[in-house]
Every structure is written in structure tokens, then in C-alpha cells.
There are 6 protein chains.
Amino acid sequence: MPEQRTAIYPGSFDPLTLGHEDIARRSLKFVDRLMVAVAHYPTQEKARLFSVQERLEMLQECFADEPRIEVTDFSGLLVKFCDRVDVHLVVRGLRAVSDFEYEFQMALMNRELDPELEMVFMTPGVEYTFLSASLVREIASLGGDVSQFVSKPVLDRLQAKLAG
Amino acid sequence: MPEQRTAIYPGSFDPLTLGHEDIARRSLKFVDRLMVAVAHYPTQEKARLFSVQERLEMLQECFADEPRIEVTDFSGLLVKFCDRVDVHLVVRGLRAVSDFEYEFQMALMNRELDPELEMVFMTPGVEYTFLSASLVREIASLGGDVSQFVSKPVLDRLQAKLAG
Amino acid sequence: MPEQRTAIYPGSFDPLTLGHEDIARRSLKFVDRLMVAVAHYPTQEKARLFSVQERLEMLQECFADEPRIEVTDFSGLLVKFCDRVDVHLVVRGLRAVSDFEYEFQMALMNRELDPELEMVFMTPGVEYTFLSASLVREIASLGGDVSQFVSKPVLDRLQAKLAG
Amino acid sequence: MPEQRTAIYPGSFDPLTLGHEDIARRSLKFVDRLMVAVAHYPTQEKARLFSVQERLEMLQECFADEPRIEVTDFSGLLVKFCDRVDVHLVVRGLRAVSDFEYEFQMALMNRELDPELEMVFMTPGVEYTFLSASLVREIASLGGDVSQFVSKPVLDRLQAKLAG
Amino acid sequence: MPEQRTAIYPGSFDPLTLGHEDIARRSLKFVDRLMVAVAHYPTQEKARLFSVQERLEMLQECFADEPRIEVTDFSGLLVKFCDRVDVHLVVRGLRAVSDFEYEFQMALMNRELDPELEMVFMTPGVEYTFLSASLVREIASLGGDVSQFVSKPVLDRLQAKLAG
Amino acid sequence: MPEQRTAIYPGSFDPLTLGHEDIARRSLKFVDRLMVAVAHYPTQEKARLFSVQERLEMLQECFADEPRIEVTDFSGLLVKFCDRVDVHLVVRGLRAVSDFEYEFQMALMNRELDPELEMVFMTPGVEYTFLSASLVREIASLGGDVSQFVSKPVLDRLQAKLAG
């Protein structure tokens with residue numbers, strides 16, 4: 001009997017886009033359970049649009065329909081978090097060459113820090129290849145309509161945040 | 001109880017390098033069974049160093065120790081082969097930006113042809129990031145020593161082929 | 001009164017894809033007239049799937065609805081053709097980094113050969129960013145369905161050609 | 001009779017380089033009128049070397065000889081500005097792969113926000129391919145000679161600003 | 001009798017990694033003497049982990065065994081420093097495409113500022129291709145083990161700095 | 001007393017362009033002697049425009065004014081040639097990202113085959129960044145003027161070859 005396979009999908013998710021959601025849901029084709037993990041670094045919190053708490057809430061709302069996705073957060077090194085939860089498979093999305101170079105560097109570095117860790121990369125649906133959380137923040141802050149780029153729970157919070 | 005997960009690792013493998021072997025073995029961290037599948041196209045066979053039959057034999061020898069890896073071959077479209085064996089997860093290695101662009105294009109195209117198909121990408125060990133089958137062929141044909149780039153069964157056949 | 005603006009869209013178009021059509025039609029937003037020009041080089045004709053004559057016919061059928069697009073062909077240097085028809089604006093599509101590097105090199109080289117020549121680059125619709133004529137040929141020759149990648153006149157000829 | 005074609009060339013222009021000027025003047029080969037538009041975002045003004053007002057003045061001086069170029073500014077989303085002035089063609093320069101990836105992402109995103117908008121890309125003269133406004137600022141601030149990279153009006157203001 | 005060849009290896013070295021050390025020592029295969037030069041810009045000192053003084057001390061300790069390497073620092077433009085010490089050869093390491101584009105731009109710009117200056121690029125050992133000073137800082141600050149990425153003198157100071 | 005430094009500049013040089021000449025002459029800033037070495041592979045000779053003998057003659061004519069440059073040829077592996085002539089420094093030009101990836105792969109592979117070998121990369125003058133031997137061949141064969149891309153001895157032979 002095969003064991004249950006779990007992967008971690010780490011990121012800032014500030015905010016979660018439809019591209020992130022697409023990667024998360026697609027990964028369930030080859031893992032039984034996915035931990036979507038919000039990375040937080042105390043020193044960078046000021047620069048964020050949403051707090052870790054807000055991001056966790058949005059992720060929970062967006063993935064409420066999918067019992068195989070668990071939402072969590074971590075601080076510190078990814079390899080230490082992987083070790084603590086005993087999950088050694090990490091999923092990341094790739095959209096562009098610049099993504100690729102950074103992810104490639106991180107994959108090799110993480111493997112150096114933990115030879116057990118394996119990172120696998122996926123491509124989002126073609127309609128999301130140009131999407132990024134920073135672009136969503138920028139467009140929303142300039143009053144643009146981002147309803148085709150994020151889920152309803154994220155859209156509501158973006159509007160509340162920017163109106164506030 | 002989780003179902004058994006199978007993936008396909010397609011390629012030319014002309015010949016199999018240690019980089020290919022590394023990707024195949026690492027993939028067993030998240031799949032239960034891997035089909036390493038030699039792609040063959042009748043019109044391109046003349047340009048190959050090894051015949052499909054020779055490549056299958058080398059692959060079988062190199063993976064003889066790993067019962068979870070099955071060696072096979074296919075002709076025609078990858079998506080049709082995936083459909084025929086009812087496996088919808090494909091593994092590919094990424095070493096460089098040029099790999100990435102090509103693989104990205106193929107991943108989007110294959111998803112267009114079969115929305116069920118998912119391609120996941122992995123990076124080989126850092127010591128194999130510069131390795132390619134074509135470089136191995138070129139060095140071996142010029143009399144260079146490729147013993148650190150391929151397994152013993154491949155090395156033996158390369159030497160026999162080039163001496164013949 | 002502004003003069004009439006004409007551009008040339010050169011390419012192999014072996015065959016014309018929906019991505020090519022998209023670039024051609026979008027260019028009419030800033031030019032009054034577009035010459036879609038099939039490049040032919042006697043020494044490369046053997047490697048083509050369709051003859052220049054067949055490609056011209058397909059282009060004419062695909063753009064029959066658009067009086068502002070003229071279909072033509074040329075051999076020899078692009079800069080000489082531009083000079084002969086007295087059009088000094090060239091349109092090209094960009095999909096990926098590898099496209100970009102090649103096109104950038106050609107744009108600088110062509111400007112060296114003809115300082116009057118200007119090349120402008122456009123991106124196709126996101127749904128066509130993974131499309132290429134060579135991929136269409138490959139998929140069609142392996143029996144895949146390319147009906148979502150090419151227009152009806154191209155599809156009919158592809159099927160006739162590959163059945164023949 | 002063809003209608004008059006207008007394009008927008010948006011940017012920070014902090015300061016305008018000879019590479020920017022080259023793109024602007026070359027674009028007049030295929031548009032009748034160009035609006036060079038200084039983008040300003042209240043939150044980023046502190047980080048700029050020149051104020052929007054100073055940049056507008058420099059642009060006006062540099063393009064004083066060209067009646068077909070109009071200098072303006074905008075805040076907020078580019079697509080909204082395009083809509084307000086009813087111009088749906090945007091010109092951008094491309095120098096390197098990193099430019100390309102960013103511009104490609106923006107082009108696809110902007111088309112999503114406004115399907116009427118078309119972005120076209122141009123390459124500057126080869127002697128400007130390594131030039132950027134940030135490099136000009138850095139060299140000038142370290143006391144280097146930038147007279148071969150910017151026009152006289154920009155050079156004068158750079159020297160006054162850095163001496164001040 | 002050939003003259004003595006000297007090169008400059010400029011960088012931030014915040015801190016020096018084994019990848020930097022590798023480039024420096026390899027360069028001695030083609031130069032007789034190398035000046036490893038810490039670049040400092042007053043306005044950026046706040047963002048640094050180590051002061052210029054600390055970085056100079058670490059460099060001196062790491063290269064204490066190599067009399068052909070001299071450690072120094074400079075502020076202002078690299079081309080002016082090269083001119084002052086009358087050394088017109090600059091060595092830089094290349095690890096990835098993003099490095100390449102930046103370095104290429106700087107090489108062309110520096111040649112414009114000083115036609116005598118020549119920049120040569122080297123690749124570090126494959127085991128260092130994923131290493132960067134910023135990654136070392138990040139991992140160390142999150143409590144990760146960086147002992148395989150930096151020399152003993154750097155490791156000691158990193159631990160003292162982060163404990164302090 | 002420093003020893004004499006020699007480097008090898010290997011390539012196909014089919015034909016030598018002004019970009020190649022630029023790299024060769026610039027390298028004399030840090031080596032005392034340069035061996036420009038025409039690589040030849042029996043199996044590829046048919047595809048060449050010029051024979052190895054013709055390329056050697058053109059190189060000798062183009063570098064006749066520079067006694068520090070020696071023209072030679074080699075077949076087989078570059079690392080074996082380096083070993084035979086006891087020169088362990090190799091110079092290569094870099095123009096674009098695609099060059100970089102290939103050269104990076106070769107540099108790592110060659111170092112694996114010969115740990116003593118060091119490859120250094122240089123950028124040609126900005127006016128040659130778009131030049132390649134294959135582009136020169138293509139333009140010349142289509143009747144274009146390549147007099148600004150190659151030296152007189154190469155131009156004469158190109159014209160004789162293509163007229164013949």
C-alpha cells in the first residue's frame with residue numbers, strides 16, 4: 001500500500017492570486033495532501049500589504065472547498081520547517097525565465113542544506129503566466145479592476161484594505 | 001488509502017547520462033512507480049547514435065536495481081502515449097534557461113492537447129547541471145573520457161559502438 | 001493629411017498559425033496596410049512542409065476577409081525587398097526569450113544594412129504564446145489534432161498533405 | 001484618407017537618456033504624433049532624482065525641435081490614461097532579456113485590462129543598448145562624465161542638481 | 001621579458017563567499033597579482049551587514065596565504081579607481097543569466113567611460129554556481145548553517161555579528 | 001620575473017568576423033601571446049563555407065600585423081589540444097544570453113575533463129554584439145554587402161567563393 005504523499009507549497013501569497021490557486025489545485029494530481037505555507041519574516045512585515053494573519057484567513061477561505069489542502073505558516077528557513085513537519089517535497093510555480101533562475105538557485109541551495117529535500121516545479125494555466133501578486137497589488141492600489149486575477153475572498157479584502 | 005502514483009519520464013536517452021538517472025531516481029520521492037520511456041520517431045532514427053533497442057537495453061541494465069522503475073518506449077505524440085497507459089503525470093529535468101523555455105512551451109502545448117496531463121520539472125544534482133546526452137556523444141566520439149558522466153553499462157556500449 | 005502607413009510582416013509561415021494571424025490583424029491598429037510576405041530560399045525549400053505556392057494560397061484564403069492585408073513573397077535579403085517595395089517598417093511577433101535574442105540580433109543587423117528600416121515587435125494573445133509553426137507541423141505529422149492552432153484553410157491542407 | 005495615428009511612450013524618464021530619445025524619434029516613422037508621458041506615483045516621488053515638474057521641463061527642452069512629440073504626464077494606471085486620451089497604442093523600448101520579460105508580462109496584463117490596447121516594442125540604436133536612466137544617475141552621482149549618454153538640457157540639470 | 005600583469009576584482013563581498021574565493025584564486029592562472037577591492041558607497045553602508053572595515057579584515061584573513069592577492073577598497077566609479085592604480089583589467093564572476101545581463105551592461109558602459117578598460121568573466125566551480133552573498137546573509141540570519149559556503153574567518157564573524 | 005602567458009582562442013571562424021578580431025586583439029591586454037585555433041571535425045567539413053586551409057589563410061592575413069598572434073588548427077577535443085600545446089587558458093567571446101548558456105556549459109564540462117583548464121570570457125565592442133559568422137555567411141550568400149562586418153582578406157575570399 002503506497003504511503004500518503006504530502007507536499008509544501010511555500011510563498012508570500014500577498015495576496016493569493018488565481019495563478020497560485022491553480023498551482024495548488026493542480027499539485028493534488030500527484031500528492032495526497034498539500035500544505036500551503038505562508039512564509040513570514042519579522043523584518044519584512046512592514047512592507048507587506050496584508051498581515052500574516054490576514055493572508056492565512058484569505059487562504060483558508062479560498063481553499064475551504066478542498067479538504068486535502070491545509071493552510072499554515074512558518075518563519076525561518078524553509079528547510080527547517082520541512083524538517084519539523086517531516087515533509088520533504090516542495091512545490092513551486094514557474095512562469096518566466098527570471099522565476100526559473102531564482103528557483104533553480106534556491107533548489108540547489110536547499111538541497112545543499114537538506115539532501116532529502118526535493119523541489120518540483122509546475123507551470124500555471126497559460127492565462128495566468130503574466131500574473132504576480134506584486135502586479136495585483138500595484139493595479140489594485142491604482143484603482144484598477146483585479147476581479148479576474150483573484151478569488152472573491154481576496155477581492156473583498158483588497159477593496160476593504162485599499163478603501164480603509 | 002491513497003492510490004498508487006505513476007509518472008512517465010520521456011526522453012531520447014541517446015545515451016542515458018548520470019543526470020537522467022539522477023532525475024529518475026529522485027522522482028521516486030513523490031511517485032510510486034516511474035515509466036522511463038524512450039521516444040522514437042522513425043524519421044529521426046538515422047541521426048541517433050544508439051537504436052531504440054540498444055537504448056532500451058542500456059536503460060534496463062542501469063535501472064536493474066530499482067523495481068519501481070519500468071523501461072519502455074513509445075512513438076507518436078506523448079499525450080497519446082499518456083492516454084494509452086492512463087498515466088497523466090510527466091516528469092522532466094531542467095538544467096538551464098534554454099531547457100526551461102522549450103519545456104514551458106511543451107507543457108502549455110501538451111496541456112492544450114490534454115487538459116488532464118500535468119508536467120512537473122525537477123533539477124538534477126548540481127554536479128550534473130552541465131551534462132547533456134549530446135555533449136557525452138560528442139566527447140566520446142572525439143576520444144574523450146566520459147566515465148564520470150555515464151553508468152558502466154552505457155560506457156561499455158559507447159566504447160564498443162565507437163570502436164566498431 | 002497623414003500619409004498611408006504600410007508595414008511588412010515577413011516569415012516562413014510553414015504553415016500560418018493562429019498566432020501569426022493574431023499578430024497580423026493586431027498590426028492593423030497602427031498601420032493602414034500590411035504586406036504578409038513569405039520568405040523563400042531555394043536551398044531550404046526541400047525541408048519545408050508546404051511549397052511557397054501552397055503557403056501563398058493558404059495565406060490568401062486566411063486573410064480573404066481583410067482587404068488591408070496583402071499576401072506576397074520574396075527571396076533574398078529582407079532589406080532589399082523592403083527597398084524594392086519602398087516600405088521601411090517591419091513587424092515581428094515575440095513569444096519567448098529565445099525569440100527576443102534572435103529578433104534583437106536581426107533588428108540591429110538589418111538597421112546596419114539599411115538605416116531607414118525600423119522593426120517593431122508585438123506579442124500575440126496569451127493563448128498563442130506557446131504556439132509555433134514547427135510545433136504544429138510536428139503534432140500534425142504525429143496524428144495530433146491541431147484544429148485549435150490553425151485556421152480552417154490551413155487545417156484542410158495539413159490533413160490533405162499528411163494523408164497524401 | 002488614413003486617420004492620424006498617435007501613440008503613447010510612457011516611462012519614468014528620471015532622467016531622459018539618449019536611448020529614450022532614440023526610441024521616441026524612431027517611433028515617428030510609423031505614428032504621426034507621439035505623447036511622451038512621465039508616469040508619477042505619489043508614493044515613489046521621494047526616491048526620484050528629479051521631480052515630475054523637472055522631468056517635464058527637460059523633456060520639453062529635448063523635444064522642442066519636434067512638433068509631432070507632445071510631452072505630458074499621468075498618474076494611476078496606464079490603461080486608464082490611454083482611455084482618457086483615447087490613444088490605444090503604446091510604445092516601449094527593449095534592450096535586454098530582463099526588459100523583455102517585464103515588458104511581456106505588462107503587455108499581457110494591460111491587454112487583459114483593456115483589450116483595445118496594443119503595445120509595440122522597439123530596439124534603440126546599438127550604441128544605446130547598455131544605457132539606462134539608473135546607470136546614468138549612478139555614474140553622475142559618483143562624479144562620472146555622462147555627456148555622451150544624455151542631451152544638453154539633461155546634462156545641465158544633472159550637474160546643477162548634483163552640485164546643489 | 002613580459003611585464004607583470006595585475007587585475008582588479010571588485011565587489012561588495014558582504015561577506016566573501018567560497019565562490020568569490022574560487023574566482024580570485026583561479027584568476028591567478030592568468031594574472032601575476034590580483035587586487036580584491038571592496039566597493040563602498042556612503043549612502044548604502046546602512047544596508048550592509050558588515051562595515052567596509054570588517055569586510056577588509058575578513059578578506060585579509062581569507063587571503064593571508066596568498067601573497068599575490070592584495071586586499072583594498074575604493075569608493076566612487078570603478079573606472080576612476082582603475083585609472084588611479086593604473087590597472088586596466090577587471091575580473092568578474094558569472095553564475096547565471098541574470099548575472100550575465102548586468103555584467104554585460106556594465107562592461108559596455110565601463111568601456112564607454114574608459115576605452116582602455118577590459119573586463120574578463122570567469123565561472124566559479126560548479127559547486128558554487130548557486131551561491132551568493134545575499135543568500136548566505138539570509139540563511140545565516142535565519143539560523144541556518146553556512147559553514148560549507150564561507151571560510152572560517154567569515155563564519156566566525158557571521159556568528160559573532162548575528163549573536164550580537 | 002613573470003612567465004610568458006599564452007591563451008588559446010578556439011572557434012570555427014567560418015569566416016572570421018570583425019567581432020572575432022576584436023576579441024583576439026583585446027585579449028592581448030592580458031596575455032603575451034594568443035593562439036587563434038581553427039577547430040575542425042572531419043564529419044562537419046561538408047557543411048562549412050570555407051575549408052580549414054582557407055580559414056587558416058584568412059586568419060594569417062588578418063593577423064599578419066600582430067606578431068603576438070599565432071594561427072593554428074586542431075581536431076579532436078579542445079582539452080587534449082590544450083594539453084598538447086601546454087596552454088591552459090582559453091578565451092571566448094560572449095554576445096548574448098544564448099552564447100552564455102552554451103559557453104557556461106562548456107566551461108564546466110571542460111573543467112571536469114581538465115581541472116587545470118581555465119576559460120575566460122570577453123565582450124566584443126558594442127558595435128559587434130549582433131554579429132555572427134553564420135549571419136555574415138547568410139547575408140553574403142543573399143548578395144548583401146558585408147564589408148562593414150569582415151576584414152578585407154575575408155571580404156575578397158567571400159566574394160570569390162560566392163561568385164565561383
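How close do the axes of helix H2 and helix H6 of chain E come, and at what angle do they cross? Keep in mind, as I go through this, that what we are looking at is a predicted model.

In chain E, the axis of helix H2, which covers residues 52-62, and the axis of helix H6, which covers residues 152-163, come within 9 Å, and they cross at roughly 150 degrees. Since angles over 145 count as roughly antiparallel, H2(E) is therefore roughly antiparallel to H6(E). If you want to find the contact on the screen, look on H2(E) for E:Glu54, E:Glu57, E:Met58, E:Glu61 and E:Cys62, and on H6(E) for E:Pro153, E:Val154, E:Arg157 and E:Lys161.

Let me turn now to the aromatic rings, where a search of the whole structure, over all chains, gives 21 aromatic pairs. One of them is formed by B:Tyr9 and B:Phe13, whose ring centres are 5.2 Å apart and whose planes stand at 75 degrees, so this pair is edge-to-face. Both B:Tyr9 and B:Phe13 are buried.

In chain F, the rings of F:Tyr9 and F:Phe13 have centres 5.2 Å apart and planes at 75 degrees, and the pair is therefore edge-to-face.

Terms used:
Residues numbered from 1 in each chain as written. Chains lettered and ligands numbered in written order. Predicted model: local features only at pLDDT ≥ 70, side-chain atom pairs only at ≥ 80, totals over all residues. Heavy atoms only, no water. Phe/Tyr/Trp six-rings, centres within 6.5 Å; stacked < 30°, edge-to-face > 60°. Buried < 20%, exposed > 50% of the residue type's maximum accessible area, 1.4 Å probe, protein only. Axes fitted to C-alpha atoms, helices over the stretch in contact; angles between N-to-C directions. Helix = DSSP H or I, 4+ residues; strand = E, 2+ residues; numbered from the N terminus. Parallel < 35°, antiparallel > 145°, perpendicular 65-115°, else oblique. Contact = heavy atoms within 4.5 Å.
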